[in-house]
Amino acid sequence: MSEVLRLDKVARRYAEGAGTLEIFRDINLSLRAGEVVALVGQSGAGKSSLLHMAGLLEAPSAGEILIGGTAVSKLPDNQRTRIRRTMIGFVYQAHHLLPEFDALENVMLPQMIAGRSRAEASERARQLLVSMGLGQRLTHRPAQLSGGEQQRVAIARALANKPKILLADEPTGNLDPRTAGGVFEALMALVRAEGLAALIATHNFDLAAKMDRSLVLQDGRLQ
């Protein structure tokens, strides 16, 4: 399996009054195509910041982010935006669906923004939603969907532009255990089918155990 994402001696620090707050330091991480990795740690350990840096939403204070072997963290904003749009899919704990659009349209929109035709976007969206078990809910708006169904739409949307990397921040954290399990199984099946490299932050050790391996972020270090 080829390496898709690498974090090389990455650190994140924030100015705090007259001093500096260090979130983490010397983080080394490698993620390969087809691999699903759990990122585990207590609340406040820095998991979200680490995912934001991996997804080029935040710049590291030190170190480098490499995607497909290319250093990307210091690229201009427009180039990093293009990489995020084409290479990276994000799933958050809150689904952030657009309430005025139905499930199909929510998954079509990022594709059309990227330049895909309406017909192509519709077909890709339909395929993804059917894969997520939502074939009968395509024309339902978010308010007409359950929490688990909304998160399934959000996962489909994250994969709409055929990214190479999926970054997920507590994607089942707002769901009850039974619903969370079903959504997670659907997510894993789709990730496997698409051949993605996935880094999934979770507090749920049962879910982490179902992934290929786990990394623990603790005391500013990755173990």
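Here is a short chat about a predicted model and the words used to describe it.

Visitor: How do you know which features to trust here?
Guide: This is a predicted model, so local features need pLDDT of at least 70 and side-chain atom pairs count only at pLDDT 80 or more, while totals for chains, interfaces and linings use all residues. Residues are numbered from 1 along each chain as its sequence is written, and side-chain values use heavy atoms, with hydrogens and water left out.

Visitor: Why is Arg80 called buried?
Guide: Buried means under 20% relative accessible area (over 50% is exposed, in between is partly exposed; 1.4 Å probe, protein chains only). Arg80 has 16% relative accessibility, so Arg80 counts as buried. You'll find Arg80 in helix α2; helices are DSSP runs of H or I with at least four residues, strands are runs of E with at least two, and both are numbered from the N terminus.

Visitor: What makes the buried residues of α2 line one face of the helix?
Guide: In α2, residues 77-87, the buried ones are Arg80, Ile83 and Arg84. Down the axis of α2 they fall within an arc of 100°, so they line one face. That arc is taken from the directions from the helix axis to the C-beta atoms. As a rule, an α-helix has 3.6 residues a turn, so residues three or four places apart point the same way.

Visitor: What do they pack against?
Guide: The buried residues of α2 pack against β4 (62-67) and β6 (88-91).

Visitor: Which residues does Arg80 touch?
Guide: Leaving aside residues up to four places away in sequence, Arg80 touches Leu56, Val72, Ser73 and Leu75. Contact means heavy atoms within 4.5 Å.

Visitor: Is Ser73 buried or exposed?
Guide: Ser73 has a relative accessible area of 9%, so Ser73 is buried. Ser73 sits in the loop between β5 (70-71) and α2.

Visitor: What makes the pairing of Ser73 and Glu64 a polar contact?
Guide: A polar contact is a pair of N or O atoms within 3.5 Å; within protein, one must be able to donate a hydrogen and the other to accept it, and residues adjacent in sequence count only if both atoms are side-chain atoms. The side chains of Ser73 and Glu64 make such a contact at 2.4 Å.

Visitor: How do you know that Asp102 caps α3?
Guide: A side-chain oxygen of Asp102 lies 3.1 Å from the backbone nitrogen of Leu104, at the N-terminal end of α3. Just after α3, Gly115 takes a positive phi of about 105°.

Visitor: What makes a nonpolar core, and which residues touch the most other members of the largest one?
Guide: A nonpolar core is a set of buried Ala, Val, Leu, Ile, Met, Phe, Trp, Tyr and Cys residues joined through side-chain atoms within 4.5 Å. The largest has 41 residues, and Val107, Leu129, Val153 and Leu166 touch the most other members. Its largest share, 8 residues, comes from α6.

Visitor: Which element gives the most to the lining of the largest pocket?
Guide: That's α3, with 4 residues. The lining has 18 residues, and Ile88, Phe90, Pro110, Arg157 and Asn161 lie nearest the pocket's centre.

Visitor: What makes a space a pocket?
Guide: On a 1 Å grid over the protein atoms alone, a pocket is an open set of points where a 1.4 Å probe fits, with protein on both sides within 12 Å along at least five of seven lines; lining residues have an atom within 4 Å of a point.
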